[in-house]
Amino acid sequence: MPTPKSIHENRYLGIFGKLLHDPNLWHLNRHSVAGAFGIGMFVMYLPPFGHTFIVAALAIYLRVNLPISMALVWISNPVTIPPMFYVAYVVGCWILGMQAEGFNVHFWLDWHNWLAVTAPVLLGSIICGAVCGLLGYLSIQILWRWKLMRQIQARKARYRSMVESRTSRPSSKNQT
């Protein structure tokens with residue numbers, strides 16, 4: 001994860017100034033991490049223009065973990081963008097009732113076709129981003145709660161075994 005110092009020194013995030021000093025942006029708790037996953041996974045699916053700025057602004061505004069949300073945005077990279085946006089295109093075409101073009105490289109590289117696919121890609125990106133963001137948020141909430149419940153059960157078991165061990169044997173040889 002990026003350190004607070006590296007984020008403070010980032011030239012793109014300098015416009016946020018003192019807002020980056022909010023301690024809530026750096027806490028690791030269930031709500032902050034789940035919110036960061038929701039924001040990061042949503043912005044990850046948006047067209048790749050200003051991801052860092054958008055996710056930083058949303059994380060600061062919603063006061064969720066900034067480093068996690070910024071790291072999740074980078075799931076969309078030059079290797080993952082083509083399949084992600086093709087899925088978004090297919091979803092957008094399905095919602096708009098259009099026929100989706102196959103994954104033909106010549107079609108996608110021809111800039112004359114880009115205007116026709118803009119609306120389905122944008123709509124599909126928003127829908128896929130919302131679904132991924134919601135799934136990320138809910139997954140972290142559920143996993144965090146599950147882990148917490150396991151820790152509580154382990155603590156109760158340790159306490160029970162400690163109480164049982166105290167009552168089952170005398171504390172000194174004189175008490176027999």
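## Asparagine 65

Asparagine 65 has a relative accessibility of 1% and therefore counts as buried, the cut-off being under 20%. This is a predicted model. The residue sits in the loop that runs between α3 (51-62) and α4 (66-73).

Asparagine 65 touches Asn24, Leu25, Trp26, His27, Leu28, Ser32 and Ala36, leaving aside residues up to four places away in sequence. Its C-alpha atom is separated by 5.8 Å from that of valine 33, a residue 32 residues apart from asparagine 65 along the chain.

## Polar contacts of the side chain

Which backbone atoms lie at 2.8 Å and 3.0 Å from a polar atom of the side chain of asparagine 65? At 2.8 Å there is the backbone oxygen of histidine 27. At 3.0 Å there is the backbone nitrogen of isoleucine 68.

## Arginine 63

The loop between α3 and α4 also holds arginine 63. Arginine 63 is not a glycine, yet has a positive phi of about 55°. With a relative accessible area of 45%, arginine 63 is partly exposed.

## Packing of α3 and α4

The axes of α3 and α4 are 9 Å apart, and the two helices pack at an angle of about 150°. Angles over 145 degrees count as roughly antiparallel, so α3 and α4 fall in that class. The crossing of α3 past α4 is right-handed.

On the α3 side, the contact is made by His51, Thr52, Val55, Ala56 and Ala59. On the α4 side, Leu66, Ser69, Met70 and Val73 take part. By class, this contact of α3 with α4 has six nonpolar and three polar residues, with no charged residues.

Key
Residues numbered from 1 in each chain as written. Predicted model: local features only at pLDDT ≥ 70, side-chain atom pairs only at ≥ 80, totals over all residues. Heavy atoms only, no water. Helix = DSSP H or I, 4+ residues; strand = E, 2+ residues; numbered from the N terminus. Buried < 20%, exposed > 50% of the residue type's maximum accessible area, 1.4 Å probe, protein only. Contact = heavy atoms within 4.5 Å. Polar contact = N/O pair within 3.5 Å; in protein donor to acceptor, adjacent residues only side chain to side chain. Axes fitted to C-alpha atoms, helices over the stretch in contact; angles between N-to-C directions. Parallel < 35°, antiparallel > 145°, perpendicular 65-115°, else oblique. Left-handed = near helix turned anticlockwise from the far one by under 90°. Nonpolar A, V, L, I, M, F, W, Y, C, P; charged D, E, K, R; others polar.
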